[in-house]
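This report describes a predicted model. Please read the text alongside the sequence and the coordinates shown here.

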Amino acid sequence: MMEQHAEVISMAEQRAARDARDSGATRDGVSDRPRCQASTAADRPCRNYATDGPLCRVHAVQQGERPTPSDASPPDEGPVEHARRQGRDDAAAPAGGGSGDPAGAGSRAGSGDDGSSDATAGDAYERIAEEVRRRGWRMAIDGLAALDAVDSDALAEELSTLAGFLRRRLTGDYDIDDFGFDEDLTTNLLMPLVRPLHRHYWRVASHGVEHLPADGGGLVVANHAGTLPLDAIIARLDIFDQTGRHARELGADLVFRTPFIGEWARKTGATLASGNDADRLLTAGELVAVWPEGFKGLGKPWKDRYKLQRFGRGGFVATALRAQVPIVPTAIVGSEEIYPMIYDLRLLARALGVPYFPIVAQMFAVPVFGPLALLPLPSKWVIEYGEPIDTTAFGPEAADDPMTVFDLTDRVRDTIQNMLHRNLMGRRSVFL
Amino acid sequence: MTDARRVLITGIAGRLAGQLARALEQRDDILEIVGVDVREPQHDLRRTEFVRADVRNPLVGRVIEASAIDTVVHLSTVATPRAAGGRSRMKESNVIGAMQLLAACQQAPTVERFVLKSSAAVYGSAHTDPVSFRERSVPDATPRQGYGQDVAEIEGYVRAFGRRRKDVDVTILRFANFLGGQADGAFQSLFNLPVVPSVLGFDPRLQFVHEDDAVQVLERVTSGDHPGIYNVAGDGVLYLSQCIRLAGRVAAPVPLPFVSAVASGVRRSGRADVTMDQLRFLQFGRVVDTTRMRTRLGIEPRYSTRQAFEDFVRRRRVRGVVAREEVVRWERELYDFLQRKGQDRFLHAQRDGG
């Protein structure tokens, strides 16, 4: 913007003006255009040329008088330059604090879509430029000072925590366990990212937290639904927020074969749902979470919602028996409604090698709302942790007794189904 | 069993073998050390006798007989095709070499102990892998190509040899990836490239073993009586992405469909020996359980996986794009600044209050 004003007063004109003032006489011939009649901050006469009115552009802005749109915006300005400048203006405006008007003008200009927008934008730009010129960079400093005064200790704390996290991530200075669980990343980055979904989007209410073991091994068994395994992520976060313990998920082998998903599953502490890995986790005293319905539960049609599917072969019960840890049946209500699955394109799924290929209700809204429609629906979630089932009564050798394993599997399944029904009866509506 | 031992080491020109020979030379209970290789060893060896021969050469059998060798340490398995001069020659030298050596040992009545340097590559690498392989766990898919296949076949022959000669104690050591030496050079050559290639969307869990620990383990099983199979690895696990960050390098993720094309390009350029069997390793990695090594061999690795890697970075002077000291310095400066600000504020508050 400074260059622009430099164009207005060329060096030759400036010299001429100075000469004129020094000699005390007015020389004609340099230019006969009228000069601005206002005086500058230093109480000298303004030497800018006047625009249509008696004032130059700078003073016209100061006095609230708008110059004509024609010369407000430089004609050779490309759209990119314009956009860039616009962005700079918008970014600069909030830092000003006091300069609300230019910010408003800037955003107004940004929303314009016809030919005149360029002019208004130029106008806003002028005004902001003037503001910057008048107050210098003080306002940016003022903004920082204001931020500093808000809660400086907390801010400093946050900043140093963030810097520590960044340093650890940049230099690889963090530890992972044998399973590949990256606790630093999970607690400090991923969980804070998911927390708004948990708190504000699905407004999860959880009951029976006291049933989760405070220490030592435990097996959380929950229902699985919602086309995408978001319920696993949310339940995991809920358990962490309620008890401070990381529940280690057991995932199907497809999860670990898939790019990105497998990588992130491992980093967040999930491992393959095999007896070997689960035994190791439970004997190490970890809390393990399992969704025994697997893909049968995730990819079930809308009409079967909240109907528990078959619970695999009861491998999870055998694992809990071997490790002699309590089983916590858990019901998650609300996850069924996030992606109502209307149809399953089985042939396509088989061709792609995936367990199901869902047609969800949101897909029909895509022509109207665009990809935004594919967001999960904001249903209200309730997570209930049920009474733990003690496995020590059966003894570790019961893991090899198929009858006990089947009985216990059925018991867990019935418990979860009853909890689901009870919570479904209790809820006012799907979304509230 | 006699206390004093006569040891034959194959592949003596290798770095690991050289260090093992040096360690054994220090011991009084090792009477004689014979090294066999096609190349002259460059190490500073004093007592070790050197026999220039291929393992496939019948001369080896005569050496075993003439020196009354009682312990054979087989270290000459090559990990990368380039070291052997092509994949088919690598297979020839690895598998046929081991067979010939075993045949020679079977003929020699003096042999009491056979130590094989194998690799954790026998477990293969797959998404269905357990979190860590125990010695007895059988992988879903045994490696069907490359180094993994070679070591799996060699192990098979060695076990068969152990069944035929029941009086011979067979020890198989399955090492995790070496860093620093020439022993298992395939992985570390990735860090020779300007950017470290990885597979997009996959981050393998890796384990390393430091040479010093490997020598310690080899020395223990050569001089003591420890038949069986042992996994050897440093404590802890690193992700490939973490290794890249520790080394201050930049990753170049390659999408899965293009991985083999990129790998063959890299191989042809001659800057790194990336083989096809390693690509699966770069996807899924591999972790082994070292409980048996600790309890049966009584060995605590001096270097954890991470220390082994950091030592490798230091010794090889792997040049980083992101300097660790810089990052640490930035952080410290920020801390200092915040602390100064805090003190200023505190002083202000004091003055205002007082």
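## Helix H5 of chain B

In the predicted model, the buried residues of H5(B) are Gly146(B), Tyr147(B), Gly148(B), Asp150(B), Val151(B), Ala152(B), Ile154(B), Val158(B) and Phe161(B). The cover over these residues includes helix H4 (87-107), E5, E6 and helix H9 (276-284) of chain B.

H5(B) covers residues 146-164, which makes 19 residues. From first C-alpha to last, H5(B) reaches 28 Å, close to the 27 Å expected at 1.5 Å a residue.

## Chain B as a whole

Chain B contains 12 helices and 13 strands. Its C-alpha trace spans about 95 × 50 × 35 Å along the principal axes.

Chain B has 354 residues, of which 46% count as buried. Among its contacts between residues at least 6 apart in sequence, 80% join residues at least 24 apart.

## The seven-stranded sheet of chain B

In chain B, seven strands make up an open sheet with parallel pairing, in the order E3-E2-E1-E4-E5-E6-E11. E3 and strand E11 (228-232) of chain B are the edge strands, and each pairs on one side only. On average, neighbouring strands of this sheet are turned by 20° against each other, direction ignored.

Strands of a sheet pair through backbone hydrogen bonds, either parallel or antiparallel.

## Strand E2 of chain B and its partners

E2(B) runs from residue 30 to residue 37 and is mostly covered, with six of its eight residues buried. On one pairing, E2(B) is joined to strand E1 (residues 5-10) of chain B by six bridges in the parallel sense. Arg5(B) has Ile30(B) as its bridge partner in E2(B). Between E1(B) and E2(B) the chain passes through helix H1 (residues 15-25) of chain B, and this β-α-β crossover is right-handed.

E2(B) also pairs with strand E3 (residues 49-52) of chain B, in parallel and through four bridges. Here Asp37(B) stands opposite Arg52(B) in E3(B). H1(B) lies across E1, E2 and strand E4 (71-74) of chain B, and runs at about 165° to E2(B).

## Strands E6 and E11, and helix H6, of chain B

Strand E6 (residues 169-175) of chain B pairs with E11(B) in the parallel sense, over five bridges. Phe175(B) stands opposite Val232(B) in E11(B). Helix H6 (residues 211-223) of chain B packs on the sheet and touches E1, E2, E4, strand E5 (113-119), E6 and E11 of chain B. The direction of H6(B) makes about 170° with that of E6(B).

H6(B) has 13 residues and reaches 18 Å from its first C-alpha to its last, close to the 18 Å expected at 1.5 Å a residue. Its buried residues include Glu211(B), Asp213(B), Ala214(B), Val215(B) and Val217(B). Leu218(B), Glu219(B), Val221(B) and Thr222(B) of H6(B) are buried too.

## The sheet of chain A

Chain A has an open sheet of seven strands with mixed pairing, in the order E1-E9-E6-E2-E5-E3-E4. Strand E1 (205-207) and E4 of chain A are at the edges with a single partner strand each, so one side of each is left without a neighbour in the sheet.

Strand E3 (residues 247-251) of chain A pairs with E4(A) in the parallel sense over two bridges. The bridge partner of Leu250(A) in E4(A) is Thr271(A). Helix H10 (residues 230-243) of chain A packs on the sheet, where the strands it touches include E1, strand E2 (218-222) and E3 of chain A. The direction of H10(A) makes about 160° with that of E3(A). H13(A) also packs on the sheet, touching E2, E3, E4 and E5 of chain A, and its direction makes about 145° with that of E5(A).

## The contact between the chains

The contact takes 27 residues from chain A and 28 residues from chain B. On the chain A side, at least two residues each come from helix H8 (152-171), helix H11 (253-257), helix H12 (261-267), strand E4 (271-272) and helix H13 (275-283). H8(A) supplies nine residues, the largest share of the side of chain A that touches chain B.

By residue type, the side of chain A that touches chain B divides into 10 nonpolar, 10 polar and seven charged residues.

Terms used: Residues are numbered from 1 along each chain as its sequence is written. Chains are lettered from A and ligands numbered from 1 in the order in which they are written. This is a predicted model: local features need pLDDT of at least 70, side-chain atom pairs count only at pLDDT 80 or more; totals for chains, interfaces and linings use all residues. A residue is buried if 20 or more other C-beta atoms lie within 10 Å of its own, exposed if 12 or fewer, and partly exposed in between; C-beta atoms are placed from the backbone. Two strands pair if DSSP finds at least two bridges between them. A crossover is right-handed if, with the strands pointing away from the viewer, the path from the first strand over the helix to the second runs clockwise. Axes are lines fitted to C-alpha atoms, for helices over the stretch in contact, and angles run from 0 to 180 degrees between N-to-C directions. Two residues are in contact if their C-beta atoms, placed from the backbone, lie within 7 Å. The expected span of a helix is 1.5 Å times one less than its number of residues. Ala, Val, Leu, Ile, Met, Phe, Trp, Tyr, Cys and Pro count as nonpolar, Asp, Glu, Lys and Arg as charged, and the others, Gly among them, as polar.
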